[in-house]
Amino acid sequence: MQSAIPAFIILRRAERICGADGRETVSSCQTKGRVMRAFESENLILSQLADPELMALERMLEPLLLPRDFELAHLGMPVSHYYFLETGIASMVATSPEGRKAEIGVLGRDGMSPPPLTVDAEQFSFDVMMQVGGHGRRVEAGALACFLADRPTVRRLLLRFLHSFFAQVANTALSNAVHKIDVRLARWLLLCHDRLDGEEIEITHEYMATMLGVRRSSVTDALHILEGEHLIYSTRGLVIIRNRASLEAFAADAYDVPGITGRS
């Protein structure tokens, strides 16, 4: 059976077909006298840009596959590129001086990876890597800084995303302090599910343990509890959401943060 062609490849083929000026860009296409949008995007930030802004940014964007463990930012290094995910999930991970790791935030098609704390920092304070593979587009950090310089509307959009992201980070800290591991795991699975299509999350027990900052055996025990409640099905390298509504009820206030959580 022939595999499906990723959306960004289809878009690039369309760009090559439509490019009439040698630049190969969809933005130059005309349909019944109307200029088309540069491209349609599943990324929330890109989808909210006005046509002129999207067309200007499109010239800087590079489509690419983002496999699991692909590094988007590295602790102690300057950010070279910012990524707009269309599919997949990235994790922002904090690391102690002794090398202990825990996830502090989940990023997907809802925003930009890494979060644009600043576009000219000499070093970044966290690791950001793909935990569920996908694809997206990236822009060089210096080019993004120039793009944002005279576009206050886009900067405000990024600030709204940052507010939502750090509300998620704060809620993660609270949940880590007051909730049991099975509730924290339910919350984490819901955050992942929010950013994916379908019910399957391709993730290993070991990865979940690292993200939650707990032992692998603790994750296994928590998965058994969620399976016993018929909320999920877990097998090697895969978790399937069986009952989203009941999983939300199980996670309760660990997950329910109005305006921050939810598949919408």
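User: How much space lies in the second largest cavity?
Analyst: The second largest cavity holds about 40 Å³ of space. A cavity is a set of points, on a 1 Å grid over the protein atoms alone, where a 1.4 Å probe fits but cannot get out. Grid points are joined across faces, edges and corners, and the volume is the space filled by probe spheres set on them.

User: What sort of model is this, and how are residues numbered?
Analyst: This is a predicted model, in which local features need pLDDT of at least 70 and side-chain atom pairs count only at pLDDT 80 or more, while totals for chains, interfaces and linings use all residues. Residues are numbered from 1 along each chain as its sequence is written, and side-chain values use heavy atoms, with hydrogens and water left out.

User: Which residues line that second largest cavity?
Analyst: The lining, meaning residues with an atom within 4 Å of a point, includes I45, F84, M112 and L158. By class there are 10 nonpolar, no polar and no charged residues. Here Ala, Val, Leu, Ile, Met, Phe, Trp, Tyr, Cys and Pro count as nonpolar, Asp, Glu, Lys and Arg as charged, and the others, Gly among them, as polar.

User: Which element gives the largest share of that lining?
Analyst: Helix α4 does, with three residues. Helices (H or I, at least four residues) and strands (E, at least two) are DSSP runs numbered from the N terminus.

User: What about the largest cavity, and which residues lie nearest its centre?
Analyst: The largest cavity has about 100 Å³ of space. Of its 14 lining residues, T172, N176, R187, W188 and L212 lie nearest the centre. Its lining has six nonpolar, five polar and three charged residues.

User: Changing topic: how many salt bridges are there?
Analyst: The whole structure has nine salt bridges, each being a side-chain nitrogen of Lys or Arg within 4 Å of a carboxyl oxygen of Asp or Glu. In one of them, R137 pairs with E86, the closest N and O atoms being 3.9 Å apart. R137 is in strand β9 and E86 in the loop between β5 and β6, 51 residues apart.

User: Is R137 buried or exposed?
Analyst: R137 is buried, at 2% relative accessibility. Buried means under 20% relative accessible area, exposed over 50%, and partly exposed in between (1.4 Å probe, protein chains only). E86 is also buried, at 7%.

User: Which residues are linked in a network of salt bridges?
Analyst: E42, R109 and D197 are. D197 and R109 meet at 3.2 Å, N to O. D197 is exposed at 54%, whereas R109 is buried at 18%.

How values were computed:
1 Å grid on protein atoms, 1.4 Å probe; cavity = no way out; pocket = protein on both sides within 12 Å on 5 of 7 lines; lining within 4 Å.
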